[in-house]
Amino acid sequence: MTVRRSTIALSLLLAAALPGGVSAQVGIATAYRAAADSLIRGATADSFAYRRLGRLVDTFGSRLSGSASLEAAIDWVLQTMKADGLENVRGEPVMVPRWVRGAESAELVRPRRARLAMLGLGGSVGTAERGITAPVLVVGSLEELARRAAEAKGRIVLLDVPFTEYTATRHVRTDGPSAAARAGAVACLIRSVATFSMRNPHTGATLYDSTAARIPAAALSVEDAMMLHRLQDRGEPMVVTLRMGAHTLPDAPSRNVVAEIVGREKPDEVVVLGGHIDSWDVGQGAMDDGGGSVAAWEAVRLLKRLGLRPRRTVRVVLWTNEENGGRGAEAYAKAHAGELSRHVMAMESDNGVFNPRGYVLGGSDSAAAVIRQVAALMQPIGATGLERVDGSPAADTEPLAAAGVPAMELDVDGSRYFWYHHSDADMLDKLDPAELARCVAAMAVMAYVVADLP
Ligand SMILES: [Zn+2]
């Protein structure tokens with residue numbers, strides 16, 4: 001399939017303004033050094049972004065799609081963006097799914113009674129009020145489940161699959177429950193998708209396959225999953241009772257938050273930067289993705305405060321419903337379909353606002369050449385790296401990348417991200433004010449320079 005390329009590709013900007021490889025490099029470095037330094041100084045001078053994130057997550061808490069807390073948070077962001085003096089501040093309507101967790105528990109009833117640390121998976125169906133009580137089959141992989149399918153009938157299947165890499169391990173969460181249902185299981189448990197655990201279970205979306213029965217699905221903490229696996233290995237018959245009040249209500253109205261600094265020369269050409277304002281219904285959604293949302297917002301507020309109005313429009317977008325639907329990203333691309341050919345770049349921060357290392361780009365070699373030069377301006381904070389991927393590195397920029405817009409994600413030190421991700425531990429204290437400030441700087445410099453290239 002041919003992808004329509006952005007007609008204002010980054011490479012063309014560069015070619016028009018700064019012909020020649022080496023001279024181009026010198027060009028961006030000299031033309032934008034002063035602005036980059038002042039943005040870096042402005043972002044790192046205080047802990048404003050951290051305090052603002054604290055205000056967001058302590059006041060409104062977690063922000064699941066369809067919840068009152070998400071919409072109240074969006075109201076506050078819109079109001080505060082207006083007070084910041086950002087331009088064209090608005091909420092763009094999106095209908096989002098509304099999954100409700102309800103009361104839930106998992107209890108080991110044989111060989112002894114013990115409460116298991118669990119979280120239902122987003123999108124799961126619930127159980128009847130008395131719950132499901134059944135013997136447990138533990139398997140270590142989806143392949144083992146396929147091999148032992150005959151033993152799964154009538155049981156609660158536990159997929160105790162250790163974390164390898166997020167996309168690969170997430171597959172167990174998204175597709176495991178339907179695989180278990182096809183084997184005749186009555187419910188599915190998974191080992192939390194996490195790289196470290198203090199017995200905190202991690203939720204996340206599961207996806208039912210239309211060809212399989214919808215069975216209740218939940219994550220156990222890593223520790224509980226490993227314990228059940230050990231019990232099975234010793235030949236202990238196990239019985240678990242799973243109770244889940246999970247249910248799905250009709251779609252609910254939400255909004256993408258949009259605000260701008262209108263370009264001084266080419267206002268209809270747009271650089272997008274953002275994060276997602278929704279979160280799971282546990283913890284505070286501080287890391288995922290309150291931090292990314294505030295980093296993008298603060299980057300734009302900084303441009304405003306420093307009087308830096310680039311040639312093109314810089315637009316902050318806080319997408320709704322990234323976690324369990326991606327409806328915000330779809331709605332943005334649809335609502336702005338007519339101007340996507342004038343979107344120069346779209347960048348999201350959705351890996352936690354830990355120490356920034358640089359950027360991940362899904363785009364052409366010539367776009368990479370430009371981004372590499374802008375990234376070099378981040379030398380004072382060490383965020384000069386550039387990784388390349390095919391397609392979109394971030395979820396919310398996917399529909400934009402599909403329309404040919406170069407898509408980027410802020411690249412951060414991800415070593416602790418999956419300790420907290422989608423769990424009750426995703427609270428403000430896990431983040432560091434100075435690291436968040438450097439994320440702000442990295443987003444501000446990239447957005448400003450790309451928006452201002454002649
Ligand atoms: Zn996220």
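This is a predicted model: local features need pLDDT of at least 70, side-chain atom pairs count only at pLDDT 80 or more; totals for chains, interfaces and linings use all residues.
The chain divides into two domains, of which domain 1 comprises residues 10-98 + 250-452 and domain 2 comprises residues 102-245. Taken over C-alpha atoms, the centres of domain 1 and domain 2 are separated by 35 Å. Contact between the two involves 11 residues of domain 1 and 14 residues of domain 2. On the side of domain 1 that touches domain 2, the residues comprise 5 nonpolar, 4 polar and 2 charged.

An open sheet of 8 strands is present, with mixed pairing and the strand order β1-β10-β12-β11-β13-β16-β14-β15. The edges of this sheet are formed by β1 and β15 (385-388); each has a single partner strand, so one side of each is left without a neighbour in the sheet. Direction ignored, neighbouring strands of the sheet are turned against each other by 25° on average. One of the residues involved is R98, whose bridge partner in β10 is L249.

Helix α4 (residues 68-83) lies across β1, β10 and β12 (312-319), and its direction makes an angle of about 10° with β10. Helix α9, which spans residues 286-305, lies across β10, β11 (266-276), β12 and β13 (343-348) and runs at about 145° to β11.

In soluble globular proteins, nonpolar side chains tend to be buried together. In the present model, the largest nonpolar core has 142 residues, and those with the most contacts inside it are V440, M443, A444, V445 and A447. Helix α14 (residues 433-452) gives the most to this core, contributing 15 residues. Because domain 1 (10-98 + 250-452) and domain 2 (102-245) both give residues to the core, it lies between them. The surroundings of M443 illustrate the packing: residues up to four places away in sequence not counted, M443 touches L273, A295, A296, A299, M347, S349 and L410.

Most residues other than glycine have a negative phi, and most peptide bonds are trans. Two cis peptide bonds are described here. The bond from R110 to P111 is cis, with omega near 10°, and P111 is located in the loop between β2 (104-110) and β3 (114-116). A cis peptide bond also joins D288 and D289, with omega about 0°; D289 belongs to helix α9 (residues 286-305).

For N88, a residue other than glycine, phi is near 50°. N88 is part of strand β1 (residues 87-100), and N88 counts as exposed because it has 12 C-beta neighbours inside 10 Å. R199, likewise not a glycine, has a phi of about 60°. The position of R199 is in the loop between β7 (187-191) and β8 (217-220). R199 also counts as exposed, with 12 C-beta neighbours inside 10 Å.

Technical notes: Residues are numbered from 1 along each chain as its sequence is written. Domain bounds come from an automatic or database domain assignment. Two residues are in contact if their C-beta atoms, placed from the backbone, lie within 7 Å. Ala, Val, Leu, Ile, Met, Phe, Trp, Tyr, Cys and Pro count as nonpolar, Asp, Glu, Lys and Arg as charged, and the others, Gly among them, as polar. Helices (H or I, at least four residues) and strands (E, at least two) are DSSP runs, numbered from the N terminus. A residue is buried if 20 or more other C-beta atoms lie within 10 Å of its own, exposed if 12 or fewer, and partly exposed in between; C-beta atoms are placed from the backbone. Two strands pair if DSSP finds at least two bridges between them. Axes are lines fitted to C-alpha atoms, for helices over the stretch in contact, and angles run from 0 to 180 degrees between N-to-C directions. A nonpolar core is a set of buried Ala, Val, Leu, Ile, Met, Phe, Trp, Tyr and Cys residues joined through C-beta atoms within 7 Å.
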